[in-house]
Amino acid sequence: MKILVNGERREVASTTLDAALVELGYSAALVATAVDGDFVPASARGICRLDENSAIEILAPMKGG
Amino acid sequence: MLVYGTALHSRLLLGTALYPSPDVLADAVRASGTELVTVSLRRESAGMRAGQAFWTLIQGLGVRVLPNTAGCHSVREAVTTAQMAREVFATDWVKLEVIGEGDTLAPDVFGLVEAARILTDDGFKVFPYTTEDLVVAERLLRAGCEVLMPWGAPIGSGKGLNNPFGLRAMRAHFPDVPLVVDAGIGLPSHAAAAMELGYDAVLINTAVAQAGDPAAMAHAFRLAVEAGYAARLADPMEPRDMASPSTPVLGQAMLA
């Protein structure tokens, strides 16, 4: 199905967030996730189901002021 | 300075953005003597893993981090970003920014108070980037904030303390609340002035990062903050409108 990953349209076979992260190449990455604007803790990624057009944000530490 | 039960010995907080290189950032952090640096969250690409490299660098500096919600223009964005930052950085401290106006990067103080309440109810230790408005400050404290961070001038402007009257009033109005001037400081003299007003700390980023020699400027800010704080403790004189001789008049020779 098609989903949005950090603003880019991607095709994934996975139907849960944790599987999608692995499929997209984020295995073991230090990231935080949100789906459709809601924070999804790492502990809940396995039960977070993705739908067609789900918008995933995958964020990591960055410099800031 | 005691914030949320944690003692900070350095009164200089440092941002980590806009440095020419990671090495220059590391040198500046060390030269500043800071114990607390601000960090952020941004989109991570699967291949680059830039976030991991940055986080490894920061962890190697042995400082505490204050994640920000920079760039957030709504309560929902700021709250979600804070939640994500808490998980990634493993801290419940957050520099809460809810930006209301693009040209000045002025806070949306209504959204700020609302987001502060949501986050403190959720266990966050909120450091709100606010204006010097006393009514907003009171609402932020009532929302559970135990520290306030009024701006000196628009973010990145280097203008210094635009409203010293307002900042002085805030200090007088909340004598026991830790107050940090955040944003707008461009020179060490601005930082010293903030400390002389009685502020507990200053947060600097652009003025150090964009200096010709960031580490040297970080050191200059360290000295300025220490000088301003020492001056405040020494109880500065009140300015006068008229001259007043400092050399005794008594015993002066009549030579005219």
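User: Okay, buried means under 20% relative accessible area. Is B:Ala183 buried or exposed?

Analyst: Buried, because its relative accessible area is 8%, which is under the 20% cut-off. Keep in mind that this is a predicted model.

User: What's up with its phi?

Analyst: The phi of B:Ala183 is positive, about 90 degrees, even though the residue is not a glycine. For background, most residues other than glycine have a negative phi.

User: What about A:Asn6, what's its phi?

Analyst: A:Asn6 isn't a glycine either, and its phi is positive at about 50 degrees. A:Asn6 is in the loop of chain A between strand 1 (2–5) and strand 2 (8–11). With a relative accessible area of 12%, A:Asn6 is buried.

User: New topic. What does UniProt list for residues 3–248 of chain B?

Analyst: The unreviewed UniProt entry lists that stretch as "domain: Thiazole synthase ThiG". Over residues 3–248, chain B is 41% helix and 17% strand.

User: Which residue is listed as an active site?

Analyst: That's B:Lys95, again according to the unreviewed UniProt entry. In the model, B:Lys95 is part of strand 6 (residues 93–96) of chain B.

User: Is B:Lys95 buried or exposed?

Analyst: Buried, since B:Lys95 has a relative accessibility of 3%.

User: What is it in contact with, apart from neighbours within four places in sequence?

Analyst: From chain A, B:Lys95 touches A:Gly65. Its contacts in chain B include B:Thr38, B:Asn68, B:Phe127, B:Tyr129, B:Met149 and B:Asp182.

User: Let's do helices. How do you describe a packed pair?

Analyst: You give two values: the angle between the axes and the distance between them. Take helix 1 (residues 22–32) and helix 9 (residues 214–233) of chain B: the angle is about 20 degrees, and the axes are 8 Å apart. That makes helix 1 of chain B roughly parallel to helix 9 of chain B. The crossing of these two helices is right-handed.

User: Which residues make that contact?

Analyst: On the helix 1 side of chain B, they include B:Val24, B:Asp27 and B:Arg30. From helix 9 of chain B, B:Pro214, B:His219 and B:Arg222 are among them. By class, this contact of helix 1 with helix 9 of chain B has six nonpolar, two polar and three charged residues.

User: And how does helix 1 of chain B pack with helix 2 of chain B?

Analyst: Helix 1 and helix 2 (residues 50–59) of chain B pack at about 25 degrees, with their axes 11 Å apart. That makes helix 1 of chain B roughly parallel to helix 2 of chain B. Helix 1 of chain B contributes B:Pro22, B:Leu25 and B:Ala26 to the contact, while helix 2 of chain B contributes B:Phe54, B:Leu57 and B:Ile58. The residues in the contact of helix 1 with helix 2 of chain B split into six nonpolar, no polar and no charged.

User: Which residues of helix 1 of chain B are buried?

Analyst: B:Leu25, B:Ala26, B:Ala28, B:Val29, B:Ala31 and B:Ser32. The buried residues of helix 1 pack against strand 3 (12–15), strand 4 (36–43), helix 2, helix 8 (206–209) and helix 9 of chain B.

User: What follows helix 1 of chain B?

Analyst: B:Gly33, with a positive phi near 75 degrees.

User: How do helix 3 and helix 4 of chain B cross?

Analyst: Helix 3 (residues 75–89) and helix 4 (residues 109–121) of chain B cross at roughly 35 degrees, and their axes come within 9 Å. Helix 3 of chain B passes helix 4 of chain B in a right-handed crossing. B:Val79 of helix 3 and B:Ile118 of helix 4 are among the residues that make the contact.

User: Last one: how far is B:Leu250 from B:Ile118 in space?

Analyst: From C-alpha to C-alpha, B:Leu250 and B:Ile118 are 66 Å apart, and they are 132 residues apart in sequence. B:Leu250 is in the segment after helix 9 of chain B. At 82% relative accessibility, B:Leu250 counts as exposed.

Definitions and conventions
Residues numbered from 1 in each chain as written. Chains lettered and ligands numbered in written order. Predicted model: local features only at pLDDT ≥ 70, side-chain atom pairs only at ≥ 80, totals over all residues. Heavy atoms only, no water. UniProt positions renumbered as here; feature names shortened; annotations may be inferred. Helix = DSSP H or I, 4+ residues; strand = E, 2+ residues; numbered from the N terminus. Axes fitted to C-alpha atoms, helices over the stretch in contact; angles between N-to-C directions. Parallel < 35°, antiparallel > 145°, perpendicular 65-115°, else oblique. Left-handed = near helix turned anticlockwise from the far one by under 90°. Contact = heavy atoms within 4.5 Å. Nonpolar A, V, L, I, M, F, W, Y, C, P; charged D, E, K, R; others polar. Buried < 20%, exposed > 50% of the residue type's maximum accessible area, 1.4 Å probe, protein only.
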